[in-house]
Amino acid sequence: MKALVVPASGPVLPHVLRGIADAGVVDVGVVVTGPDDGVRTEAGDGSRFGISVTYVPGHQGRAGTLDAVRSAREWLADDDFVLCAGDGFPDGGIGGQLEEFRVRRPAAQIVAARIPGPPPWEVYFFTSALHTAVEAVGPAAGNGPELSDALRWLYDRGLGVTACAGPVRECGEPGGHGSPRGAAEAGSVGG
């Protein structure tokens, strides 16, 4: 399995890496798009989390989720993957959602929870069909295509996009999993 992590702000990188490892993921790619702000220090080679980390160069000057997927296209190959976006991560991990995705096999499965204040917490599970959608909506530029555009492309073609709500707290909130140990915005796994 593979995981992809795109660093952002917030104290969640170690929590995300532990959660990914707990779901059974062993290969993690970290997209780096400039100064890593301690990401390499926090993630290292992944051995302290029981995983292997590969650093994937991102497009300089671009930080969108669609750009991260595009940067990691070759590394992800045709594997399924999960993308965790925002400064939150589900209480209880992603194992249950990953198993549901494997059984149901939609092109995209979205698990979201509204939390007080921006941003909402979301986890996306994808088949390799997302890569076709990313290419179809084109490269991001300024106010260019976003992940929602790729999701719409999949939905419009009847490729199976499902959504459900999930209970979580933002990392760093009381009872959440935040601590001042790292930063992450997005992660993905494939098998």
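Biologist: Hi! Let's start with helix 1 (residues 13-22): how many of its 10 residues are buried?
Modeller: Eight of the 10 residues are buried, leaving helix 1 mostly covered. One thing to keep in mind as we go: this is a predicted model.

Biologist: Thanks. Which residues of helix 1 are the buried ones?
Modeller: They are Leu13, Pro14, His15, Val16, Leu17, Gly19, Ile20 and Ala21.

Biologist: And what do the buried residues of helix 1 pack against?
Modeller: Their partners are strand 1 (2-5), strand 2 (27-32) and helix 2 (39-43).

Biologist: OK, then how do the axes of helix 6 and helix 7 cross?
Modeller: The axis of helix 6 (residues 129-137) comes within 9 Å of the axis of helix 7, and they cross at roughly 110 degrees. The two helices are therefore roughly perpendicular to each other.

Biologist: Is that a left-handed or a right-handed crossing, helix 6 over helix 7?
Modeller: Helix 6 passes helix 7 in a right-handed crossing. On the helix 6 side, the contact is made by Ala129, Leu130, Thr132, Ala133, Val134, Ala136 and Val137. Helix 7 contributes Leu147, Asp149, Ala150, Trp153 and Leu154.

Biologist: What classes of residue are in that contact of helix 6 with helix 7?
Modeller: By class, there are 10 nonpolar residues, one polar and one charged.

Biologist: Let me zoom in on Leu130. Is Leu130 buried or exposed?
Modeller: Leu130, which is found in helix 6, has 0% relative accessibility, so Leu130 counts as buried.

Biologist: Which residues is Leu130 in contact with, leaving aside neighbours within four places in sequence?
Modeller: Leu130 is in contact with Val69, Phe81, Leu147, Ala150 and Leu154.

Biologist: And how far apart are Leu130 and Trp153?
Modeller: In sequence, Leu130 and Trp153 are 23 residues apart. In space, the distance from C-alpha to C-alpha is 9.1 Å.

Biologist: Switching topic: how many salt bridges are there?
Modeller: The count comes to six salt bridges. One of them joins the side chains of Arg104 and Glu100, at 2.8 Å from N to O.

Biologist: Where do Arg104 and Glu100 sit relative to each other?
Modeller: Arg104 and Glu100 are four residues apart in helix 5 (residues 95-104), so about one helical turn separates them.

Biologist: Why does that spacing matter for a helix?
Modeller: An α-helix has 3.6 residues a turn, so residues three or four places apart point the same way.

Biologist: What about Arg152 and Asp156?
Modeller: Their side chains meet in a salt bridge, 3.5 Å from N to O. Arg152 and Asp156 are four residues apart in helix 7 (residues 147-156), so they are separated by about one helical turn. Arg152 is partly exposed at 48%, and Asp156 is partly exposed at 48%.

Biologist: Last one: which residue forms a salt bridge with Glu42?
Modeller: That is Arg48, with the closest N and O atoms 3.6 Å apart. Glu42 is partly exposed, with a relative accessible area of 23%, whereas Arg48 counts as exposed at 56%.

Note on methods: Residues are numbered from 1 along each chain as its sequence is written. This is a predicted model: local features need pLDDT of at least 70, side-chain atom pairs count only at pLDDT 80 or more; totals for chains, interfaces and linings use all residues. Side-chain values use heavy atoms; hydrogens and water are left out. A salt bridge is a side-chain nitrogen of Lys or Arg within 4 Å of a carboxyl oxygen of Asp or Glu. Buried means under 20% relative accessible area, exposed over 50%, partly exposed in between (1.4 Å probe, protein chains only). Axes are lines fitted to C-alpha atoms, for helices over the stretch in contact, and angles run from 0 to 180 degrees between N-to-C directions. Angles under 35 degrees count as roughly parallel, over 145 as roughly antiparallel, 65 to 115 as roughly perpendicular and the rest as oblique. A crossing is left-handed if the near helix is turned anticlockwise from the far one by less than a right angle, and right-handed if clockwise. Contact means heavy atoms within 4.5 Å. Ala, Val, Leu, Ile, Met, Phe, Trp, Tyr, Cys and Pro count as nonpolar, Asp, Glu, Lys and Arg as charged, and the others, Gly among them, as polar.
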